[in-house]
Amino acid sequence: MRRLENKVALITGAGRGQGEYESKLFAEEGASVVLCDVDADSCERITADIISKGGKAASFKLDVTSEEGWISAIDFATNLFGNLDILVNNAGIYSRVPIREASEKEFDRILSVNLKGVFLGTKQSIPAMIASGGGSIINISSTAGLVGNTGSGAYGASKGGVRALTKYTAVQHAVDRIRANSVHPGPIETEMIADNLSTPEGRALSESRIPLGRIGRIEDVAMGVLFLASDESSYMTGSELVIDGGITAQ
């Protein structure tokens, strides 16, 4: 039996990279997947690809900073597929602007997408998951939410907030059979850090900081997300799944 058979999943940031891979993986594992992104065209293309291969999927244009948008997305998912079992809060934006150089506008922009978006998605999915008899919320944080570094500030604050919000969700809704866990990737080969890896020197510097000696792959993170979405992780909630090649072990 496939690991997500008969489950319904909503994934944000599904129009590319990590979200795209997870959407396809979840469909292969038997889930009905609602792909959400501000890039509706990409979601529709990926959805069509999933359906052409026998999977169940639908796309929905969603700005994760809009509560009305979230209400509509959850309604869309439950009306189409009957319930909601899994939420992957994957949408996020990156910033390397240090604290002293960051404007108030920059701080608000990062926090709005990376933290407020997770809050709204969590809040609006809870009633649907209660109606489904429980569920799994997976919030994509970062190693930047665990330790500091010389760049950024707003980004780390947003990801640290995601970590804390996940724990509060886990404690408050365990009684509803809703699990919430955060995932903390290190450097992963996606567009988000492509400029860091654009030169041999930049890649070598990044790899030199990683005990396992390589940049992470999208599938490294996706398999962890799949585990948290599945019943295999039924005794995990409020936990941090760190997938970073050993960076934070140093």
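This is a predicted model: local features need pLDDT of at least 70, side-chain atom pairs count only at pLDDT 80 or more; totals for chains, interfaces and linings use all residues.
Me: What makes helix 3 oblique to helix 4?

Reply: Helix 3 (residues 67–81) and helix 4 (residues 104–132) pack at about 40 degrees, and their axes lie 9 Å apart. Under 35 degrees would be roughly parallel, over 145 roughly antiparallel, 65 to 115 roughly perpendicular, and the rest is oblique, so helix 3 is oblique to helix 4. The axes are lines fitted to C-alpha atoms, for helices over the stretch in contact, and the angles run from 0 to 180 degrees between N-to-C directions.

Me: Which residues meet there, and how do they divide?

Reply: Glu67, Trp70, Ile71, Ile74 and Thr78 of helix 3 are in contact (heavy atoms within 4.5 Å) with residues of helix 4, including Gly117, Leu120, Gly121 and Ala128. Nonpolar covers Ala, Val, Leu, Ile, Met, Phe, Trp, Tyr, Cys and Pro; charged covers Asp, Glu, Lys and Arg; polar covers the others, Gly among them.

Me: How do you know that helix 1 is roughly parallel to helix 2?

Reply: Helix 1 (residues 17–28) and helix 2 (residues 40–52) have axes that come within 10 Å and cross at roughly 25 degrees. With that angle, helix 1 counts as roughly parallel to helix 2. Their crossing is right-handed. Glu20, Ser23, Lys24 and Ala27 of helix 1 make the contact with Arg45, Ile46, Asp49 and Ile50 of helix 2. Here there are three nonpolar residues, one polar and four charged.

Me: Why is histidine 173 called buried?

Reply: Its relative accessible area is 16%, and buried means under 20%, exposed over 50%, partly exposed in between (1.4 Å probe, protein chains only). So histidine 173 counts as buried. This residue lies in helix 5 and, leaving aside neighbours within four places in sequence, is in contact with Ile126 and Ile178.

Me: What makes alanine 164 and arginine 2 partly exposed?

Reply: Alanine 164 has a relative accessible area of 31%, so it falls in the partly exposed class. Alanine 164 sits in helix 5 (residues 154–173). Arginine 2, at 41%, counts as partly exposed too. Arginine 2 lies in the segment before strand 1, and among its contacts, apart from neighbours within four places in sequence, are Ala27 and Glu28.

Me: What makes a set of residues a nonpolar core, and which element gives the most to the largest one?

Reply: A nonpolar core is a set of buried Ala, Val, Leu, Ile, Met, Phe, Trp, Tyr and Cys residues joined through side-chain atoms within 4.5 Å. The largest has 28 residues, and among those touching the most other members are Phe26, Ile86 and Ile138. Several elements give two or more residues to this core, including strand 1 (8–12) and strand 5 (135–140). Helix 7 gives the most, with seven residues. Apart from this core lies another, of 23 residues, among them Phe60 and Trp70.

Key:
Residues are numbered from 1 along each chain as its sequence is written. Side-chain values use heavy atoms; hydrogens and water are left out. Helices (H or I, at least four residues) and strands (E, at least two) are DSSP runs, numbered from the N terminus. A crossing is left-handed if the near helix is turned anticlockwise from the far one by less than a right angle, and right-handed if clockwise.
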